[in-house]
Amino acid sequence: MVDADQTFVIVGGGLAGAKAAETLREEGFTGRVILICDERDHPYERPPLSKGYLLGKAARDSVFVHEPAWYARHDVELHLGQTVDAVDRAARTVRFGEDGTTVRYDKLLLATGAEPRRLDIPGTDLAGVHHLRRLAHAERLKGVLTSLGRDNGHLVIAGAGWIGLEVAAAAREYGAEVTVVHRGPTPLHSVLGPELGQLFAELHREHGVRFHFGVTLTEITGQDGMVLAARTDDGEEHPAHAVLAAIGAAPRTALAEGAGLQLADPADGGGVLVDERLRTSDPDIYAAGDVASFPHGLFGTRLRVEHWANALNGGPAAARAMLGREELYDRVPYFFTDQYDLGMEYSGWAPPGSYDQVVIRGDAGKREFIAFWVREGRVLAGMNVNVWDVTDQIQRLIRSRAQVDTEALADPHVPLESLAS
Ligand SMILES: Cc1cc2nc3c(=O)[nH]c(=O)nc-3n(C[C@H](O)[C@H](O)[C@H](O)COP(=O)(O)OP(=O)(O)OC[C@H]3O[C@@H](n4cnc5c(N)ncnc54)[C@H](O)[C@@H]3O)c2cc1C
């Protein structure tokens with residue numbers, strides 16, 4: 001069949017879905033491209049929702065992946081505000097919208113992303129309890145932080161992961177009182193381990209954030225929809241006028257599951273199981289972005305990566321695979337964050353238990369350094385903090401699997417390039 005007779009359907013209009021559509025056109029695909037998303041906004045990028053946009057420093061227009069006219073100009077049929085509720089693999093159709101419209105696909109991409117995990121405790125239905133995933137959430141939260149800052153109000157954040165910490169920083173900039181309660185022993189413990197998690201705790205404490213580690217929320221009390229306090233399992237009651245639940249995200253796998261596609265083991269992070277070409281257990285269906293669990297040759301494990309760069313690169317990789325290109329998806333995971341005056345980039349994968357030492361290159365006290373997570377002399381991950389233009393070198397070092405001399409790794413005078421061979 002020639003391209004022009006084919007229909008490629010993309011479910012999910014986040015970064016992965018929008019970039020996949022762009023790539024199909026860039027690669028010269030002339031068939032129908034249909035992008036369906038349950039959100040009403042055009043595809044947008046989420047990182048500003050907890051940073052510049054939340055702080056009122058980035059304009060609304062700046063978050064969109066493409067300007068609205070781009071879709072028609074590239075002949076991408078966009079269906080916004082429409083949920084896909086079924087995939088019929090035998091008939092090769094997806095069903096979407098309130099009227100149950102069906103459309104036939106030749107290839108299908110699931111780019112359905114993830115959704116915030118909900119607190120399962122009394123009080124979560126109060127109007128003052130918030131989540132942060134969508135533009136509308138950020139807009140609401142911006143209003144809340146503005147009034148908390150103005151009235152010296154208290155925000156309790158459940159979860160000291162990336163989103164919890166970024167919102168803590170934004171809330172402090174607005175002048176709100178901030179308490180973070182976290183199940184782990186340090187912030188970001190499951191990603192960075194204790195050594196570097198501590199750095200983030202210190203950074204936030206210096207800015208007036210209060211932390212309670214090793215505890216979980218048990219109840220949010222309130223009256224007439226308003227939040228009054230949050231209780232933790234150590235018996236403490238924390239004053240609160242609003243609560244943000246930032247306890248992680250769950251991959252949106254319902255569609256894949258309903259279609260009988262294979263899912264990844266929850267112990268491996270769950271998600272839709274794909275191969276190294278992002279193909280699911282059905283050869284005509286692909287998955288990319290937050291929802292996809294792919295085998296990573298370099299780390300010898302399955303990864304499900306909830307980061308911007310994985311959507312940015314995974315969407316296009318899936319699009320090329322849909323076009324039959326033989327390309328392995330093996331990007332080194334990459335993440336960035338900005339909190340107060342600290343900017344950092346993290347490359348690699350080194351959860352606690354996978355590394356045997358952390359090597360610091362530079363001045364950790366001044367917060368200008370690179371941290372390396374090392375196992376048996378090999379670099380698994382690197383995080384540059386307020387040091388820039390080193391991501392390529394760090395990723396080359398990780399990819400090289402070179403046995404490094406840790407003294408040389410710690411020495412800023414030794415070029416990183418010289419260690420990657
Ligand atoms: C507040 C916030 C801040 C972040 N900051 C950073 C950061 O600083 N750095 C970083 O690396 N990453 C960051 N991330 C993570 C990054 O934004 C995600 O990894 C990225 O958005 C994933 O893109 P995606 O396209 O896979 O999924 P999503 O962006 O979640 O898009 C999926 C879309 O599919 C839609 N959808 C799902 N199911 C259906 C269905 N059945 N029918 C129709 N539509 C459906 C969803 O509503 C959604 O619009 C942040 C995320 C958030 C929420």
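Predicted model: local features only at pLDDT ≥ 70, side-chain atom pairs only at ≥ 80, totals over all residues.
Let me start with His154, which touches Leu148, Glu177, Arg210, Pro239, Ala240, His241 and Ala242 once residues up to four places away in sequence are not counted, where contact means heavy atoms within 4.5 Å. His154 lies in strand β10, residues 154–158, and here helices (H or I, at least four residues) and strands (E, at least two) are DSSP runs, numbered from the N terminus. With a relative accessible area of 18%, His154 is buried; the word buried means under 20% relative accessible area, exposed means over 50%, and partly exposed is in between, using a 1.4 Å probe and protein chains only. The C-alpha atoms of His154 and Ala171 are 9.5 Å apart, while the two residues are 17 apart along the chain.

Residues are numbered from 1 along each chain as its sequence is written, and side-chain values use heavy atoms, with hydrogens and water left out.

Now to the chain as a whole, which has nine helices and 26 strands. The radius of gyration of the protein chain is 22 Å, close to the 22 Å that the globule rule gives for 421 residues, so the chain is as compact as a globular protein of that length; this radius is taken over C-alpha atoms, and the rule is 2.2 Å times the number of residues to the power 0.38. Taken along the principal axes, the C-alpha atoms fill a box of roughly 65 × 60 × 35 Å. Of the 421 residues, 55% count as buried, and among contacts between residues at least 6 apart in sequence, 62% join residues at least 24 apart.

Leaving out residues up to four places away in sequence, Thr232 touches Val181, Val215, Thr216, Leu217, Thr218 and His238.

Let us turn to helix packing. Two packed helices are described by the angle between their axes and the distance between the axes. At what angle do helices α3 and α4 cross? The axes of α3 (residues 135–151) and α4 (residues 162–174) come within 8 Å and cross at roughly 45°, the axes being lines fitted to C-alpha atoms, for helices over the stretch in contact, with angles that run from 0 to 180 degrees between N-to-C directions. That makes α3 oblique to α4, since angles under 35 degrees count as roughly parallel, over 145 as roughly antiparallel, 65 to 115 as roughly perpendicular and the rest as oblique. On the α3 side the contact is made by Leu141, Lys142, Leu145, Thr146 and Gly149, and on the α4 side by Val167, Ala170, Ala171 and Tyr174. These residues divide into six nonpolar, two polar and one charged, where Ala, Val, Leu, Ile, Met, Phe, Trp, Tyr, Cys and Pro count as nonpolar, Asp, Glu, Lys and Arg as charged, and the others, Gly among them, as polar.

Another packed pair is helix α1 (residues 15–26) with helix α7 (residues 308–322), at an angle of about 40° and with axes 7 Å apart. That makes α1 oblique to α7. In this pair, Leu15, Ala16, Lys19, Ala20, Thr23 and Leu24 of α1 meet Trp308, Ala311, Leu312, Gly315, Pro316, Ala319 and Arg320 of α7, and by class the contact has nine nonpolar, two polar and two charged residues.

Finally, the region around helix α8, residues 391–400, in which Thr391, Gln393, Ile394, Gln395, Leu397 and Ile398 are buried. Those buried residues pack against β22 (334–339), β23 (342–348), β25 (368–375), β26 (378–385) and α9 (406–410). In the loop between β26 and α8 we find Asn386, which has a positive phi of about 50° although it is not a glycine, and which is partly exposed at 22% relative accessible area. Asp389 has its place in the loop between β26 and α8 too; its phi is positive, about 60°, although Asp389 is not a glycine, and at 71% relative accessibility Asp389 counts as exposed. After α8 comes Arg401, with a positive phi near 55°. Ala420, in the segment after α9, is 23 residues from Leu397 in sequence, yet their C-alpha atoms are 4.7 Å apart.
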